[in-house]
Amino acid sequence: MTTDALRITGLSHRFGSVPALSDVSLTVPRGSFTALLGVNGAGKTTLFSLVTRLYSNVSGSIEVAGYDVRRQPAQAMARLGVVFQSRALDADLSVAQNLAYHAALHGMGRRAARDRIAQVLAQVDLESRAGDRVSALSGGQQRRAEIARALIHRPDLLLLDEATVGLDVKSRAEVLALTRRLIASEGVSALWATHILDEIGPDDALVILHKGRVLQSGQAAAIAGPAGLTQTFLSLTGAAA
Amino acid sequence: MTERRFPARAWFTAFRGIAWRETLRFVQQRGRFLAALVRPLVWLFIFAAGFRAVLGLSITPPYQTYVLYEVYVTPGLVAMIQLFNGMQSSLSMVHDRETGAMRTLLVSPFPRWFLLGSKLMAGVIVSIIQAYTFLAIAWFWDIRPPAWGYAAVFPALVLSGLMLGALGLFLSSAIRQLENFAGVMNFVIFPMFFASSALYPLWRMNESSPLLHDICAANPFTYAVELIRFALYGEMNWLAFGVVAGCLALFFGGAVFMYDPAKGLWARRKERG
């Protein structure tokens, strides 16, 4: 049986009395690029924090590749690669050292890690920068290094939380194209959180999140309809405001 | 139990990775190593030398005879290295949280108690290197415990280092920003160090102020100092061992609780997006 890369059912979360997510359900099919679209404060990062166990979900369920993150956290986390919204590489260490550290955190032996580091750095076109300190890389290169790090343990699902924030147009396009390529080459699925509509293609799976609720989900072209994605998004979120 | 899916080698690999990163950071921050050494050496060479003439000490266990004040104060200074190292680890945790490196650690598939424990142990290894370097320099200052005392003090250094590191870990969960670290200096490090048996024996404290004596006797750092002091002379102080082990369990348990996604720190944090 083929399970979804990510299945979230009836997920709710509150910060004190403030609801952050209300009855969120969504799936990321295997091998898909799924965009999670929402304005700042929509609940995207909260959702990611729940999937990655930085917060604990108390209602609803989250399954990564069929493993419940609360009941089977080790299996679920082993199948998850994460690119956080804020940069999470150690700027004082080299690119390869950062990747080696991450490989160790997934229990990968030294030899396996060394081979895999070379492989993923080639995929993100950073082989020549392996020995350079992260602080010496450009913003776009750092993002690519983070994607390489997220891939090191061969996850089933990549979570990318506004991975293009702070990048120039060219770097943004490169990071997006790289993620789409990896779906084919690595057989990974991606949940791409963004508030930039240009990053969503007509064939992508799309989930629109607003004020902690899923407003629409399905193929982007079908959701956009004849009015186009921008108009539809404004109309949906305006109605929900 | 889901944690069993990892073979023993994978657990070791994860621990080695965490220890390796801590060591790399330590090697890159040479100033930190020097500062950790200079601080107790200044106390030994200047403060203790000056006080030698003023402070007379009766025979106090584990010493079999009268000792110079420098000899008395040395175990306290070793513990001071570990105290500062523990707080440095706390600072490093807050820094990691602010830079996002902490997330990398916490999204590992290994259980959180293991990840925090590995980070704690890595910090202790660093503090023990500093402690032995200090003891080696002190040897040239004629502070020469029995040779086997250097081996006997090792497990005491591990335990006291773990306890003080766990305290730092626990505090790091409560410190919201790096700027708040000055408060840790004022409200934790200095009171713990001065209100302990590091600089004066408890009986002498009692002579000047019974209240101060009681405060010192309730201070876990006092027991870390005494554990090291007795071990350095090949003796076991069971009371100190019990208090240090108990405080280790308490502080580490508190830290694991605070870093638990369902409870403590992470449950209270809210981020945009």
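Modeller: A nonpolar core is a set of buried Ala, Val, Leu, Ile, Met, Phe, Trp, Tyr and Cys residues joined through side-chain atoms within 4.5 Å. The model here is predicted.

Colleague: Which residues touch the most other members of the largest nonpolar core?

Modeller: That core has 116 residues, and L6(A), I8(A), L26(A), L36(A), V64(A), F193(B) and F221(B) touch the most other members. The element that gives the most to this core is α3(B), with 14 residues.

Colleague: What does L26(A) touch, not counting residues up to four places away in sequence?

Modeller: On that count, L26(A) touches L6(A), R7(A), I8(A), L36(A), L47(A) and V207(A). There is also a second, separate core of 46 residues, with L37(A), A113(A), L121(A) and A148(A) among them.

Colleague: Why is M80(B) called buried?

Modeller: The cut-off for buried is under 20% relative accessible area. M80(B) has 3%, so it is buried. M80(B) sits in helix α3 of chain B. Leaving out residues up to four places away in sequence, M80(B) touches R39(B), P40(B), W43(B), F193(B) and F221(B). Its C-alpha atom is 28 Å from that of A101(B), which is 21 residues away along the chain.

Colleague: Why does M192(B) count as buried?

Modeller: The relative accessibility of M192(B) is 10%, and buried means under 20%; M192(B) therefore counts as buried. It belongs to helix α7 (residues 181–194) of chain B. With neighbours within four places in sequence left aside, M192(B) is in contact with L83(B), L164(B), L167(B), N219(B) and F221(B). From M192(B) to L211(B) there are 19 residues in sequence and 15 Å in space, C-alpha to C-alpha.

Colleague: How do you know that α3(B) and α6(B) pack, and at what angle?

Modeller: Helix α3 (residues 69–99) and helix α6 (residues 147–174), both of chain B, have axes 8 Å apart and an angle of about 35 degrees. The crossing is right-handed. From α3(B) the contact takes V78(B), A79(B), Q82(B), L83(B), G86(B), M87(B), S90(B), M93(B), V94(B) and R97(B). Among the α6(B) residues in the contact are L157(B), G161(B), L164(B), G168(B) and L171(B).

Colleague: What makes up the contact of α3(B) with α6(B) by class?

Modeller: By class there are 11 nonpolar, nine polar and one charged residues. Gly counts as polar, so G86(B), G161(B), G165(B) and G168(B) fall in that class.

Colleague: How many helices and strands does chain B have?

Modeller: Chain B has 12 helices and zero strands. Of its 273 residues, 56% are buried. Among contacts in chain B with a separation of 6 or more, 77% are between residues 24 or more positions apart.

Colleague: Why is helix α1 of chain A described as mostly covered?

Modeller: Eight of the eight residues in α1 (residues 44–51) are buried, a term that requires under 20% relative accessible area. The buried residues of α1(A) include K44(A), T45(A), F48(A) and L50(A). Just after α1(A), R53(A) has a positive phi of about 70 degrees.

Colleague: Is D142(B) buried or exposed, and how do you know?

Modeller: Exposed means over 50%. D142(B) has 56% relative accessibility, so it counts as exposed.

Colleague: Why does D90(A) count as buried?

Modeller: Its relative accessibility is 6%, against a cut-off of under 20%, so D90(A) counts as buried. D90(A) is placed in the loop between β6 (80–83) and α3 (95–105) of chain A. Leaving aside neighbours within four places in sequence, D90(A) is in contact with N98(A) and V134(A), and with R21(B) and R25(B) of chain B.

Colleague: How many residues does the contact take from chain A and from chain B?

Modeller: It takes 42 residues from chain A and 36 residues from chain B. The area buried between the two chains is about 3,400 Å², with carbon and sulfur atoms giving 59%. In chain A, L54(A), Y101(A) and L105(A) lose the most area to chain B, together 20% of what that side buries.

Key. Residues numbered from 1 in each chain as written. Chains lettered and ligands numbered in written order. Predicted model: local features only at pLDDT ≥ 70, side-chain atom pairs only at ≥ 80, totals over all residues. Heavy atoms only, no water. Axes fitted to C-alpha atoms, helices over the stretch in contact; angles between N-to-C directions. Helix = DSSP H or I, 4+ residues; strand = E, 2+ residues; numbered from the N terminus. Left-handed = near helix turned anticlockwise from the far one by under 90°. Contact = heavy atoms within 4.5 Å. Buried < 20%, exposed > 50% of the residue type's maximum accessible area, 1.4 Å probe, protein only. Buried area = accessible area lost by both parts, 1.4 Å probe.
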